[in-house]
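Work through the exercises below with the sequence and the model in view. Each task is followed by its solution.

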Amino acid sequence: MNIDLEDLLHTEETPESKISFADIKKIVKNYGFYLWSKKWIVVAAGIIGVIIGIIHAYTYKPTYTATYKFSIESKSGSASGFNALSVLAGISSSSGTFSGDNLVELFRSRSMVEMALLKPIIVDGDTMNLLEYKILADSTRLHCDEIRSNRDQTKPHIATLCDVYFPYNQNRDSFTREQDSIIMLIAAGMMQKDIVIEKLDKKLSYAYFSVSSKNEKFAKEFSSAMISTVFDFYLKSKRENAQRNLNEFQSRADSIRKELNKSLYAAAHYRDLNMNPSKSVLGVEQLKYQTDIQINTAAYSEIVKNIEVMKLDMAKSEPLIQEIDVPRYPLANDKKGKVKTGIKYGFVMGFLTLLVLCGIHFFQELNSKEEDEDAIE
């Protein structure tokens, strides 16, 4: 088998293809001249981007966010005397039922959201509930004529929303099936998208609550209504529990007082019948009455003392929520400035145009090389 030495040497000495700095400079210069020749296309694209950005900023409806920062009460505030006696009496205290993380969960409760949506709001001198105002603010009823004409082609709950209203002061228990469905649907949507409740650090007692809406007035008023609803619900629950315990102690005090009165009357009646007792057994009977009186007096005195402690504890009860930061007008929003948005869109459009032109030029150069190679062959 004969091997051509010249072909072997030619194969071994084939240099690897490398790109030098001069080649890079040549490519950059080539693309620079090409892009400069298309500068008016880039400028036109940038101007179009600016116009689109301004239009977008003008038509964009910003989202407003009302944020509360509040502290959560961590101490129980109960007197030790009450706690000790409550254990003996079999009465439990639930002062921590709505504290900490449990309070945060209250803000995620659908019932709390529904109660807040039924709070009143005054709009142009008219009083309505926040739910009705939200429906109007969302412009849902502006297209009711069109929706009714195409009822079969629309979603059932949208069509129902055009036919169902929520009068102010209507009792929640009197809601129809359609009203229940709509308020539950709106509350669920708000809980998923618009309402944020967060306790940043479990070691700290601070939490953030925010409401987002396209309507600034609704965001502020609903956030205030939500805080008020949760706050009132907590106080009511806390007071009811404290009052229940107080009533239980008061009932026991009344019972002991009756027994004490019976003992006093019995002792007095016994003394009246036995003014000059001659038998020792009569003295023992009198001692029994005196013992009953002392026991009932001590028990009554102790329970009355604890009742007073409980009343003082209720009077000193602090609110669960200490508001630290409250939303003020104007609310925080993501409103887009026309100039800034226009410049941003113009830059992006111009940059994308440069990329497209570079791609076009690349394929043109590639096709040109292929045509030259074909011509040489």
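**Exercise 1.** State which helix holds Glu-114, and decide whether Glu-114 is buried or exposed.

Solution. Glu-114 lies in helix 6 (helices are DSSP runs of H or I, at least four residues, and strands of E, at least two, numbered from the N terminus). The relative accessible area of Glu-114 is 6%. Buried means under 20%, exposed over 50% and partly exposed in between, with a 1.4 Å probe and protein chains only, so Glu-114 is buried. The model is predicted: local features need pLDDT of at least 70, side-chain atom pairs count only at pLDDT 80 or more, and totals for chains, interfaces and linings use all residues. Residues are numbered from 1 along each chain as its sequence is written, and side-chain values use heavy atoms, without hydrogens and water.

**Exercise 2.** List the contacts of Glu-114, leaving aside neighbours within four places in sequence.

Solution. With contact taken as heavy atoms within 4.5 Å, the partners are Arg-172, Ile-183, Met-184 and Ala-187.

**Exercise 3.** Describe how helix 6 and helix 10 pack.

Solution. Helix 6 (residues 110–117) and helix 10 (residues 177–193) meet at about 110°, their axes 9 Å apart. Angles of 65 to 115 degrees count as roughly perpendicular, and the two helices are therefore roughly perpendicular. Helix 6 contributes Arg-110, Val-113, Glu-114 and Leu-117 to the contact; helix 10 contributes Ile-183, Met-184, Ile-186, Ala-187, Met-190 and Met-191.

**Exercise 4.** Which residue in strand 5 stands opposite Ile-197?

Solution. Ile-197 stands opposite Phe-209.

Technical notes. Axes fitted to C-alpha atoms, helices over the stretch in contact; angles between N-to-C directions. Parallel < 35°, antiparallel > 145°, perpendicular 65-115°, else oblique. Pairing = 2+ DSSP bridges.
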